Amino acid sequence: PLFEWWASWYDYSINVNWVRKVWTKDHDVCALRIYERYKKYKVCTDEKCVVCKQTDYWPQRQDRVVDLSSHAFKQLAPLSKGLTYVKVYLVNE
């Protein structure tokens with residue numbers, strides 16, 4: 001893995017084609033403290049994995065390695081858990 005540590009979740013709106021808003025509740029996107037935007041990462045717990053596209057840079061928090069959209073996070077753990085321990089891999093395309 002590139003790194004492993006805690007993942008959290010969030011929701012926000014993004015503009016698509018500057019017209020309509022799409023909620024992160026429907027897409028597998030993420031924010032990371034490092035690397036470039038728009039790359040894809042595979043985020044895994046011991047049991048499950050999800051591939052997310054990095055759409056945001058998130059340098060403020062040092063206690064978490066990735067912030068996943070709620071859609072991506074709930075594929076790994078219940079949202080009520082708040083945090084889950086993950087391993088993060090770069091997806092080569």
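Biologist: What pattern does the protein chain follow, read along the sequence?
Modeller: The general idea first: helices (H or I, at least four residues) and strands (E, at least two) are DSSP runs, numbered from the N terminus. Here the order along the sequence is β-β-β-β-β-β-β-α-β, with one helix and eight strands. Please keep in mind that this is a predicted model, in which local features need pLDDT of at least 70, side-chain atom pairs count only at pLDDT 80 or more, and totals for chains, interfaces and linings use all residues. Residues are numbered from 1 along each chain as its sequence is written, and side-chain values use heavy atoms, with hydrogens and water left out.

Biologist: Which strands pair with E8?
Modeller: Two strands pair if DSSP finds at least two bridges between them. Strand E1 (residues 3–10) pairs with E8 (residues 84–90) in the antiparallel sense, over five bridges. In that pairing, Ala 7 stands opposite Thr 84. Strand E5 (residues 40–44) is also antiparallel to E8, with four bridges, and there Tyr 41 has Leu 90 as its bridge partner.

Biologist: Is Gln 54 buried or exposed?
Modeller: Buried means under 20% relative accessible area, exposed over 50%, and partly exposed in between (1.4 Å probe, protein chains only). Gln 54, in strand E6 (residues 49–57), is buried because its relative accessibility is 0%. Across the protein chain, buried residues make up 35% of the 93 residues.

Biologist: What does the side chain of Gln 54 reach?
Modeller: The side chain of Gln 54 comes to 3.2 Å from the backbone oxygen of Asp 56. For contacts, meaning heavy atoms within 4.5 Å, set aside residues up to four places away in sequence; Gln 54 then touches several residues, including Cys 30, Arg 37, Tyr 38 and Tyr 41.

Biologist: Why does Val 50 count as buried?
Modeller: Val 50 counts as buried because its relative accessible area is 4%. Val 50 also lies in strand E6. Its contacts beyond four places in sequence include Tyr 41, Val 43, Ala 72 and Leu 76. Val 50 and Phe 73 are 23 residues apart in sequence, with their C-alpha atoms 8.3 Å apart in space.

Biologist: How many salt bridges does a search of the whole structure find?
Modeller: A salt bridge is a side-chain nitrogen of Lys or Arg within 4 Å of a carboxyl oxygen of Asp or Glu. The search finds two. One joins the side chains of Arg 37 and Asp 56 (3.4 Å, N to O). That pair links distant parts of the chain, with Arg 37 in the loop between E4 and E5 and Asp 56 in strand E6, 19 residues apart. Arg 37 is partly exposed, at 42% relative accessible area, and Asp 56 is partly exposed too, at 28%. Another salt bridge joins Asp 63 and Arg 64 (4.0 Å, N to O). There, Asp 63 is partly exposed at 34%, whereas Arg 64 is buried at 18%.

Biologist: Where does Tyr 38 lie?
Modeller: Tyr 38 lies in the loop between E4 and E5. Its phi is positive, about 75°, although Tyr 38 is not a glycine. With 53% relative accessibility, Tyr 38 counts as exposed. Tyr 35 belongs to that loop between strand E4 (29–32) and E5, and is partly exposed at 39%.

Conventions: Polar contact = N/O pair within 3.5 Å; in protein donor to acceptor, adjacent residues only side chain to side chain.
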